[in-house]
Amino acid sequence: MIPPVGHLVRRQTASRDQSGHRDRVPAPTTLPAVQPALQGPGRLVDRHPRLGADRLLAELVPPPRFSTVSFDNYVPAPDQPSQRLAVQLVRGFAERLQDGGASGRSGLRGLFAGRQRPTSSDGRAGVYLDGGFGVGKTHLLASLWHEAPEPKRFGTFVEYTNLVGALGFRAAVDALSGHRLVCIDEFELDDPGDTVLMARLLRELVDAGTRLAATSNTLPDALGEGRFAAEDFLREIQSVAGHFDIVRVDGEDYRHRGLPRAPEPETDADVVARAAAAGPGAVLDDFGALLEHLSTVHPSRYGALLDGVESVFWRGVCPVADQSVALRLVVLADRLYDRDLPLVMSGTPLDSVFSAEMLRGGYRKKYRRAVSRLTALTREGHGDAARGEG
Ligand SMILES: Nc1ncnc2c1ncn2[C@@H]1O[C@H](COP(=O)(O)OP(=O)(O)O)[C@@H](O)[C@H]1O
Ligand SMILES: [Mg+2]
């Protein structure tokens, strides 16, 4: 039973203590619940998506944000030679896929003249793009996918673990083997169980002749943190490590933003008015009720929860104290970002939703990524011209 929404909606009175940390003690306020309207915006809390195996597989394509990227519209930073090399290497990998690995090898051999030389001049079954936040790893991975012959899949690490969870390991292997290319974005190494599972999956796919491409999972604003990601990756996936070429992508965040301050929240009344004016495809929710609803929907269905949604309105955003609630919000943030959905909100700025402890803890990568993504979507929703998306 979901408690009345008014009790869940809290607003933060932000002040800073001497260490500069925000005082996150929320002051409770009560808002009338968003009622289902005969016309006007719908509500995410009224949606209960169910996903079959077919749908999970069909969704393994690049998210809309990366539906039109290509090697040609990747602009290497002039002062970052590794970016130019990365495009060449991944392009070479794509060419070898096109002709089943029969040619393109000499070109690749030439390219591997420097530090990134593989032990095998034939190129390997996998390529791993390692680098910091916003350097275009996903852009390159999606570009590779677009050039690759069918059948092919593209998903985040989490989407593949969801797939295994939904189908079972053997059925997931069967569903994916026979593919020419499987792309795994944001390979996560923080859960030993999932890492072992994915290493086993990769082993089976390599044995079945599938080519693999993956990217490292790095967080914004953490200079050097992603530095040894490639070493960690190879160690953790030992059984297939020899099949991967490591491609390093150095540089600044392309969007020149790390963890920017979130735009100022709108008033509750403005959120409601803007949602009403936004037309079909707008969804307006009370934040507390939405978090409750998320606990009733499996995270693998959060994408489906957003079917047909074009803009998102949240009233009464408040700090999230509970880790499991916060992790669900992270998954929703990823799905919103995949779909590039503008977000308009009132309440606590989205960079203050996760506690300082969460932003320091074991899941900090996830939280920081969510803050960065929600902030970008809010900037879009609130009409801030500072958005520097490519
Ligand atoms: N060199 C580049 N040229 C053009 N667009 C880029 C470049 N690097 C990044 N982008 C764009 O910037 C955004 C962030 O890049 P992304 O691929 O998500 O970075 P990463 O996966 O490394 O964190 C995307 O919209 C991407 O298309
Ligand atoms: Mg990425």
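**Stop 1**

Helices here are DSSP runs of H or I with at least four residues, strands are runs of E with at least two, and both are numbered from the N terminus. Before going on, please note that this is a predicted model, in which local features need pLDDT of at least 70 and side-chain atom pairs count only at pLDDT 80 or more, while totals for chains, interfaces and linings use all residues. Residues are numbered from 1 along each chain as its sequence is written, chains are lettered from A and ligands numbered from 1 in the order in which they are written, and side-chain values use heavy atoms, with hydrogens and water left out.

Now step back into α5 itself, residues 157-167. Its buried residues include Phe 157, Tyr 160 and Leu 163; "buried" means under 20% relative accessible area, "exposed" over 50% and "partly exposed" in between, with a 1.4 Å probe and protein chains only. Which elements do the buried residues of α5 pack against? They are α1 (53-58), β6, α6 (169-176), β7, α7 (192-207) and α13.

**Stop 2: the whole protein**

Zoom out for a moment. The protein has 15 helices and 12 strands, and 52% of its 390 residues are buried. Among contacts (heavy atoms within 4.5 Å) with a separation of 6 or more, 82% are between residues 24 or more positions apart.

**Stop 3: Thr 156**

Select Thr 156, in strand β6. Is Thr 156 buried or exposed? Its relative accessibility is 13%, so Thr 156 counts as buried. Show its surroundings: apart from neighbours within four places in sequence, Thr 156 touches Ile 184, Asp 185 and Arg 335. Cys 183 is 27 residues away from Thr 156 in sequence, with 8.0 Å between their C-alpha atoms.

**Stop 4: a covered helix**

Next, colour helix α4, residues 137-147. Nine of the 11 residues in α4 are buried, among them Lys 137, His 139 and Trp 145.

**Stop 5**

Move along to β11 (311-317). Seven of the seven residues of β11 are buried, so this strand is largely enclosed by the rest of the structure. Strands pair when DSSP finds at least two bridges between them. On one pairing, β10 (residues 282-286) runs parallel to β11 and is joined to it by five bridges, with Ala 282 opposite Ser 311. Four bridges also join β11 to β12, again in parallel, and there Val 312 has Leu 343 as its bridge partner. Follow the chain from β11 through α13 to β12, and you trace a right-handed β-α-β crossover: with the strands pointing away from the viewer, the path from the first strand over the helix to the second runs clockwise.

**Stop 5: the nonpolar cores**

A nonpolar core is a set of buried Ala, Val, Leu, Ile, Met, Phe, Trp, Tyr and Cys residues joined through side-chain atoms within 4.5 Å. The largest one has 39 residues, and Trp 314, Leu 332, Leu 336 and Phe 354 have the most contacts inside it. Which element gives the largest share of this core? Helix α13 does, with nine residues. For a second, separate core of 32 residues, select Leu 51, Leu 202, Leu 212 and Val 240, which are included in it.

**Stop 6: rings**

Finally, show the aromatic side chains. Rings of Phe, Tyr and Trp (its six-membered ring) pair if their centres lie within 6.5 Å; planes under 30 degrees apart are stacked, over 60 edge-to-face and the rest tilted. There are six such pairs. In one of them, Phe 287 and Trp 314 have ring centres 5.4 Å apart and planes at 50°, so the pair is tilted. Phe 287 belongs to helix α11 and Trp 314 to strand β11, 27 residues apart. Phe 354 and Tyr 367 are another tilted pair, with centres 4.8 Å apart and planes at 35°, and both residues are buried. Ring pairs also link Tyr 128, Phe 157, Phe 187, Phe 233 and Phe 244 into a cluster.
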